[in-house]
Structure formats: structure tokens, C-alpha cells
Amino acid sequence: MTPTQDPQLKSAPLFDHLEELRRRIIFSLVFLVIGMAAAFQYRTQLIELVKEPLTYSRLYRLGEVKLVAVNLTDQFMLSLNLSFWAGLALALPFILWQVWAFVSPGLYPSERRWGLPFILGAGLSFLGGAVFGFKLVLPTMIPFLVDFLGGAVTQMQSLASYVGNVMTFLIAFGLAFEMPILAIVLTRIGLVNHKMLRAGWRFALVGILLAAALITPTPDPGNMLLVAVPLYVLYELSVILSRVFRVVPPAETEQPELMA
């Protein structure tokens, strides 16, 4: 039997890939646990930070709105929840590095040089989106919702529910700001190109306006534009980056470095 006919030799690369994937996942989990442990030490400060947008509410400043823990385990579970997301933010560069280390052997040498920009770009984009939502959008949106009836309804808000809503919003904004990075990835694998993105700008604009209207449930169009304008700017940036990173046929001698 020749080596190419040996089933064990044929399956060896698959098991090598699975072993490498398992190793990268373990490293990523270790980084996540370390980040969570570090963030857990500052759980009280994290809760106060998440409550900051609520302080812009007139009723909250008057003491007519209170955040309460409803269940016995709320405080503990809330601390774990915040520690997880804060720990993930801390560990994100290391996790992205593990992702890149896993996929880079299958790339051409000219493509591997984008490893560090990819990691920094993805991490900073997510962080930028979360900061933008926390500093510019939530301080307007949350007081509008809390003060909507002007105190006609007594509010005892669940702390766990409030923090969950805030974190969901910040994660959504962080992912939205990943649009340029996603455009680069989809362009490199051949699913989209800058011509497709440019031709679809009208649909993108309508979708962004609808998303902004849902994210900011306020009657003030200024608040909606505060969300819509940066998102559309990111879309235009995605078009530019898709053109810059468009797929170019590699040289004949350039071959991906596949794992044995």
C-alpha cells in the first residue's frame, strides 16, 4: 500500500488541525478566566460605572427611581455577568491572537503580515463602538425612557434587568463598529467586493436608519442621527477598505504554508 492510500496517513492532518484547534481554545479560555478574575476584583466599581448613564435622569437624581436586587442570587450573578464581559474585553486581544495563529498557516505569506493590524483593528473597533454608545447615546436614551411619564409611575427597576439591557446595547454597538473589519474579511474570502458594497449603499442607508430608530426610541431626530451618521460613515469606510483589500491573484511561487 502506498502512503497516499493509507487511511491513517490521510486522516492525520485532520487530527492535527483538531488538536491545534483544541489547544487554541484552551489558551483562549485561560486568558478569559484570567480577565474575569481581574475584573471580579473591581465588581463594585463596574456596577457604579454601568449605572452612570442613569444619573442623567432627573427622577433618579430626585431619588424617585431605585435599582433593586429582586432575587437572593442577583448580586452574585450580576457580579459574574459584569466580570465576564469586562474579562472578555481584557482578553479579547489575546483571544484574537489565538484565532489568527490558528488560521495563519493556511494563508499566503503576503496575507500573514496583516495579523497584527487585524487584531488591533478588531479590538479597537469593538472598544470604540462600546465607548461611543456608553458616552454619547446611553446618557440620552436612558433618561428619556426613565422620565417618560414624568414620575406618574413609581419605578423600582431590577438591577439585573437594567445591567442586562445596558450590556446588550453596548455589545450591539461594539459589533456594529466591527463593520469595516467584517468587510475586509468577507472581501478577502471572496464573498463581497467594493463594487457590490458601493452599489448597495441605498439599501445600507435605509437599514442603518431603521436600526438607529430602533436603538434610540426617542422622538428627537437628532438622537437618531447621532447613531445613524457614525454607522453610515463606517459603511463608507467599509467600501474603501474593501477596495484596498480586494483579492489579488498571488504570484506563482507563493504558496500557503499548510500544517503537516
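## Salt bridges

A total of 6 salt bridges is counted in this predicted model. Side chains of opposite charge can pair when their charged atoms come close. Three of these pairs are described below.

In one of them, the side chains of Glu19 and Arg22 form a salt bridge with an N to O distance of 2.8 Å. Glu19 and Arg22 stand 3 residues apart in helix 1, and therefore about one helical turn separates them. Glu19 is partly exposed, with 40% relative accessible area, and Arg22 is likewise partly exposed at 44%.

Which partner is buried, and which is partly exposed? Glu20 counts as buried because its relative accessibility is 11%, under the 20% limit; Arg23, at 34%, is partly exposed.

## A link between helices 9 and 11

A further salt bridge joins the side chains of Arg198 and Glu236, at 2.8 Å from N to O. Arg198 belongs to helix 9 (residues 194-199) and Glu236 to helix 11, so this pair ties together parts that lie 38 residues apart in sequence. Arg198 is partly exposed, with a relative accessibility of 37%. Elsewhere, salt bridges with shared partners connect Glu20, Arg23 and Arg24 into one network.

## A nonpolar surface patch

A nonpolar patch on the surface is formed by Leu14, Phe15, Leu18, Leu21, Ile25 and Leu29, which together have about 570 Å² of accessible area. Within this group, Phe15 is located in helix 1, which covers residues 7-40. The relative accessible area of Phe15 is 53%, so this residue passes the 50% limit and counts as exposed.

Helix 10 comprises the 15 residues 201-215.

Which residues of helix 10 are buried? They are Ala204, Ile208 and Ala212. These residues lie on the same side of helix 10, because the arc that they cover around the axis is only 70°. An α-helix has 3.6 residues a turn, so residues three or four places apart point the same way. Helix 11 (221-244) is among the elements that cover the buried residues of helix 10. On the other side of helix 10, the exposed residues are Arg202, Phe203, Val206, Leu210 and Leu214.

Terms used:
Residues numbered from 1 in each chain as written. Predicted model: local features only at pLDDT ≥ 70, side-chain atom pairs only at ≥ 80, totals over all residues. Heavy atoms only, no water. Patch = residues over 30% accessible without salt bridge, like charges linked within 9 Å, V, L, I, M, F, W, Y side chains within 5 Å. Areas by Shrake-Rupley, 256 points an atom, 1.4 Å probe, with all protein chains shown as cover. Salt bridge = Lys/Arg side-chain N within 4 Å of Asp/Glu carboxyl O. Helix = DSSP H or I, 4+ residues; strand = E, 2+ residues; numbered from the N terminus. Buried < 20%, exposed > 50% of the residue type's maximum accessible area, 1.4 Å probe, protein only. Expected span 1.5 Å × (residues − 1). Arc of directions from axis to C-beta. Contact = heavy atoms within 4.5 Å.
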